[in-house]
Structure formats: structure tokens, C-alpha cells
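Please look through the sequence and the model below before reading on. The paragraphs that follow move from charged pairs to nonpolar packing and then to domains.

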Amino acid sequence: MKLRTLALAGAMTMAMTSAAVADCAFRNDVPLKSLTAGFEAWKAVTEAMAECGNFQAELDQEFRTKQPAAFAADPALYHIGGVANATLVPLLNEGTIRPLDDLVARYGQNLTPNQLIKVDGQVVAVAMMVNTQHLMYRADILDDLGIAVPATYDEVLAAAEKIRAAGVVEYPLGATFKTGWNLGEDFINTYLGFGGAFFGAGNQPAINNDQGVATLELMKRLTEYMDPEYLVSDSTYVQQQFQQGKIAMANLWASRAGAMDDAGESQVVGKVMMASAPAAVAGGRPASTLWWDGIVIASNITDQEAEAAFRVAMEGLDRQMVQANNDVAVWLVDGFAPGRLSEGAIDTATAGAVSYPAGPTMGLMHTALGNNVADFLTGAKDARTTLRDIEAEYLTAAREAGLVQ
Amino acid sequence: MKFKTFAAFVGPSLFLMFLFIAAPLVSVFLQGFYVTQQVFETVDVETCTPGFVTQTCVTEMKTRPVFDNDGKVRTETKFVGLESYSNLIQPDRALAALGEGKWSEFMTIDFWRALRFTLTFTLITLPLAVGMGLAIAVAVNNTLRAIRGPVIFVSLLPFIVTPVIGALSIRWLFIGDGIMTAFLEWALDRDIAMFAQGWTIESLMLFYRVWHVAPFAFVVFYAGLQTVNQDTLESAIIDGASRWERLRFVVIPHLMPLIVFISLIHLMDSYRVFEEVVGFSSQAHRISLQWLTYDLLTPDDSGNRSISRASANSMLTMVGIVILLYPLLLRTWRDHRKGRL
């Protein structure tokens, strides 16, 4: 994450002027700005919004550090914000986004009820797509070796063993195990797969248990089949390992599926297939979490601006946009036709994967996990000590934040 | 000089130093003793998120902030004394780990891990950078006058490269199957993963820092070499002093004030090592004190940040640099006094 901050120091700021006003149901004359992440789906959506005119999109992968402050300003620096489960939390906690019920009633005829993100009965955001980590595998390799698509992590390990014995790829497995956010996310996925709970009463941490130990041990067994540099391996790294034919299986983000078939980058076009994230225990739910991405509207703007912003956003999330960019994401918008690339995400969701349990305490827990799980994987600490230290770090931060008394 | 003139010259700079150095320092010092937190309440909240086909709604106990009537989040600031410092250095855990002789466990406490790396980084690169700078300066001074210009230019290049960019380039040479790793694997006929363990990353970081700062030492020493008294050198030659003895007894004593100067600058620069950690993304294995401050200040996804602990960490970093510079400052001060007497 942090490296990306610097690599994208200039940030991908795309200014889209209102030169071409096309395919928009109305003509927007209120100047509007948006701040969203910068991946393909957001590019598609903001380009569709720009068709209404007077709209400027800022696409920045580090939006999460800018957004809370920019929305807290009065008037807010952006009208439309792009958020996900977790990045919605700081905005909600600061009260800088407005409830959308009225606007949905007036202009949201094309939205499906599934898209409305509700907190305490109020619509606070409109989702446009889901993202989740699920199994991607080299169908050709698994077929050659006569391995069935693994449904549990035990089967993944057995398959990895066979693939290693056959020596067809450099490393059987890839994983987003980069210390920090990525590693924390993988622990959360697996721990939820084992049916663990993160918190007890009064926001006390509750991960130092058998499920926690089982999670750490499973993660360590997986690393035996990975590139030894797994602690610096983020999503892009795993994606490239796939594209260069170095790995055979990985639990990777659905938003990266399209890249596997990008003939300009990938040597394995058409060979990578998607399936549900493996379960941690046989018969259990997939060890993965569901994420959504969507839009919010700032509260520190005039009602007139908010109305225009919402209408423009609806134009960005319409049928035409989805039909033109069907394979870019797993859209929630009406008109989406699921294809081969979205099978994994849909299977993961229908098999019962849970939503990422976003919230202020989870943010702190995620950070503590991301910082400490590596100590177990490198062998510096045993499982119980690692979990105890994670709980201690979480408690320190939670006391500082006032979440635990 | 009249006091009034003196004051008129020094006043503006003193004022600015107070405004931009002293005042922020005091503020950081105070922030280390206070914690500002939002006021939270725990309530049942129903949250609905998209699933496939239908929505999933869950009602659960959630902690959420309390808002004032004007829509602002209610916060309170309280005095916590040395709590942030003790959260940072974790004396109990540190002593327990040390008492049991478990160094690797001691090294999992962020502050001590960062301090260990920062200190070794500073103290190992110091002699290397000074030595390399001196060696290059002496070598360039002895090359043919005709090619000296281009040689100086080439030697200076690493210094011109932006630190983060330089670190990233070296990282890309070595990460995964980078060109250099591939070459080493071919030459040594074995599998090499430079980023899989701490010590290889650390040595890359040390190498990078020396490569980057040696040119600065070189330029300063090269300028110093031009002022070496030629008569003394010639008499040394007549006395039969070898090349090494001339360097040891004539050149180095002459350059000593410059060596102290370079060491001072180098200590200050490398104690706040930061670019290497980011450039080599070494945080799994190696972190520095400066990086720790940055990490504590960076908000996580939910917007939490530890300003108090970050302040405590910067104060401790400052104390560390003062201790480290003390011997050199003392020496400079003594020389200064001697010069006056």
C-alpha cells in the first residue's frame, strides 16, 4: 500500500471536461467533482458520469487517506466519493456523508434494492460492484495432472503437493501475503472460514483461541508452496506471477480476473479459471470476505449540488455503462451478464462467504494483524505468543481511540 | 559589532527558528502526554450490504461515535502522562523477553526492532561512507588531469538520483527474478531470494545508502585535498614516507575537520533513514524509527491513527540523535575553543 503511495505520487488524476456531452439523459450545469479509487471499474463509471458535462473525476488509489479530510471540509472538496466497506467507516463516523433516501426515491428508479447500503434503516451509499478474493487456477495444469478443482484448503495443499512433484511451475501457490493490509486481510478471510469471531463483549479482542491457531498454522503450511518472497507479494505481484506462468493457484481478487486474459500482458490467456474461495474446513463457508464498492454523496454541500451529484452518479451506474464494460467487474447494476471471469466471485458469494465486518474496531484489528502475523510465518514467535501480542497491540490502539475502556 | 546591529541581523532568523522549530517541537512534546479520542456509544445497528441476488442485513451491537447537536463528532482530550511512551517501548514485554534471553522475541516489539535497525544502519554506513568517499577522492586526485572532469561527473551521479527512485531501482534489480538475482542464480548455480529474509534486504539497504552518499563525502574530501600543503607533502617524500604514510600522517590529519563534518551530516541523515524502508518495502523484516512514526500517523481504513504514540516516538528519535551526535559536537566545540585560545 505504502509503496503504491509513492509510485503513484503524482496520482492518476484524470480531468474529464465537458466537451462531449453524449448519452446522458439530462444536461448537468452544476460543477461537480468526484474522488474515487483508480481501478478499471471506476474509470468506466466516471467516464460515463462525465458524459453529463461539468464533471471532473479524480481517480487515486490512495483515495482512502484523502477522503476523510476532503469530505470534512466545509464546503466539501468533492461531491461524489467512491468507497468500499471499510473506507465508508471513517466517513460515517465523521458524519460527512448524507443519507440518500430522498434522492433514491426521486432519481433511483433503476437501482435494485440489493444496491442500497443501509445503516440503521437509512441509505448511506449505493453499491455498484462486489469484489472478493476467490480461487484462480490454471485449468490446463490441473487437467493434465488429473486434479479436481480444490474446494477446501486441505485439497489445495494436496493439489499443491502434486503440482510441485510434477514440477510444471516454479511455485504451486501464490498469495497476497504482503505484510500490512494484505496479510491482515488473508488472516481475516481464513479466520472467518474457521468460524472465528474477532471481538467479545465491550470490544475486547477474542482471537487468541483454537481457530486463531488453526488459521496461523494453515497460513504457514500454504507458504511452503509459495515464492519465499511472499511477505512482499501484493495483488499486483500475484497477478504478474499468474500472467508469467510462475504459479498454478492463488486466492486472488475478482477485480484482477480480467488481467489474466489480457493478451498484452498475459502468457496464460484463457488458461486461468475461477472458482469459489476454498473452505477452511470441509463443508464450511468459503474462507473469504465480500467487499462492495459504491458511491456516497458529501453532506457539506448544498442540496442543489447533492441532487445534481446524485443524478450524475446514476448516469454513471446505468445499464449502458455496464453493457459497455461487462467484464471489467462483477457489477451489481441491472443489465450485467455474468461471464466466465465472474464465476468465482458469484460462487463465493452464493456459497455463503460473509461481508467484510467493517467498523472502527475492525480497522484497528486489521492493522494489528497485518503488522504481526508475519512474526509467526518467519518463525520469530509461536502461534499463541503471536495471537497474544496481536490482542495486546489491538488493545493499546483501542484504548487510545476510546473504543475500549 | 554593536548589539543593535547584531540583533537586527539575528532576530528574524531566531524568530523563524522559534516559529518553525521550537514551537512545533514543544507541541509534539505535549501531544505525547495527551490523547484525543472520539466519544463512542454502543448500540444495536442494522446494516444491509449486497449479496448475490438478495441483500444480507445483520443487526448487531456496534460501536459508533456520538454526534453533537450541530453534527460535529464529540471528542475529548485527556492527560495520560507517560502512557503513550510505555505503550511504545513496552517495558514489561521488553524486559521479560530480555530476561529470558529471547532476542528474537525482543525484536518483535516495533520500537526496539526499529531502534536496532536504525542504530546498526547508522553506525555501519558511517565508516563505509567516509572511507569510500576518501578512497574515491584520493583516487580521482591521482588520475590524469585530462580525464578528471568526466571521472568526477560519473562519481557524482549516484548523489543526484532521488533517494526513493534509487532505492526502487535497486529493489527492481533484485526482487523476484530481477536481472541481478537472475545473474547471481546463474553464476552461483543456486536459487536466491533476496527479499525472503531480513539480512539480505538489510545488506541491500546498507549498500544502497553507501552508494548514494559516498559521492557527497567524495566532493567534500576532494575539495579538501586541493588545500593540502604541497611543501609538507614534498618534505614527507624526501623523508622517505611511503604513499600510505603520507596519507596517514599528512593528508588525513589535514582533512580531520572535514571528516568530523561529514560524520555529523551522515549521522543526522542516516539516523532518520526512511526512503530505504519504503523503497525496498522491507517493513516485514526491517523498520526504522522514522518509518515507525510515519506508520503510526497513517490512518487505517477506518480512519484511526495514533498521534500520541507517534509524538512519543519522534521525541525518542530526537533524544537518540542528540546522544549519537554528542561526542562529535563535543569535539567540534573543543576545537572551536582551542582555536579561540
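Which side chain meets that of A:Lys381 in a salt bridge? In this predicted model, the partner is A:Asp375, with N and O 3.4 Å apart, and both A:Lys381 and A:Asp375 are buried. The two also belong to a network of salt bridges that links A:Asp375, A:Lys381, A:Arg388, A:Asp389 and B:Arg93.

Over all chains the count comes to 28 salt bridges, among them one between B:Glu202 and B:Arg116, whose closest N and O atoms are 3.2 Å apart. This pair joins distant parts of chain B, since B:Glu202 sits in helix H9 (residues 198-225) and B:Arg116 in helix H5 (residues 110-142), 86 residues apart. B:Glu202 counts as buried because its relative accessibility is 9%, whereas B:Arg116, at 23%, counts as partly exposed. In chain A, the salt bridge of A:Arg164 with A:Glu161 has its closest N and O atoms 3.9 Å apart; these residues lie 3 residues apart in helix H7 (residues 153-166), and so are separated by about one helical turn.

Turning to nonpolar packing, the largest core has 68 residues, and those with the most contacts inside it include A:Leu88, A:Val126, A:Ile297 and A:Trp331. Strand S5 (residues 122-138) of chain A gives the most to this core, with 8 residues. A second, separate core of 66 residues includes A:Ala160, A:Leu183, A:Leu218 and A:Ala275.

In chain B, the domain assignment gives domain 1 (32-81) and domain 2 (103-340), and the C-alpha centres of these two domains lie 46 Å apart.

How values were computed
Residues numbered from 1 in each chain as written. Chains lettered and ligands numbered in written order. Predicted model: local features only at pLDDT ≥ 70, side-chain atom pairs only at ≥ 80, totals over all residues. Heavy atoms only, no water. Core = buried A, V, L, I, M, F, W, Y, C linked by side-chain atoms within 4.5 Å. Buried < 20%, exposed > 50% of the residue type's maximum accessible area, 1.4 Å probe, protein only. Helix = DSSP H or I, 4+ residues; strand = E, 2+ residues; numbered from the N terminus. Domains from an automatic or database assignment. Salt bridge = Lys/Arg side-chain N within 4 Å of Asp/Glu carboxyl O.
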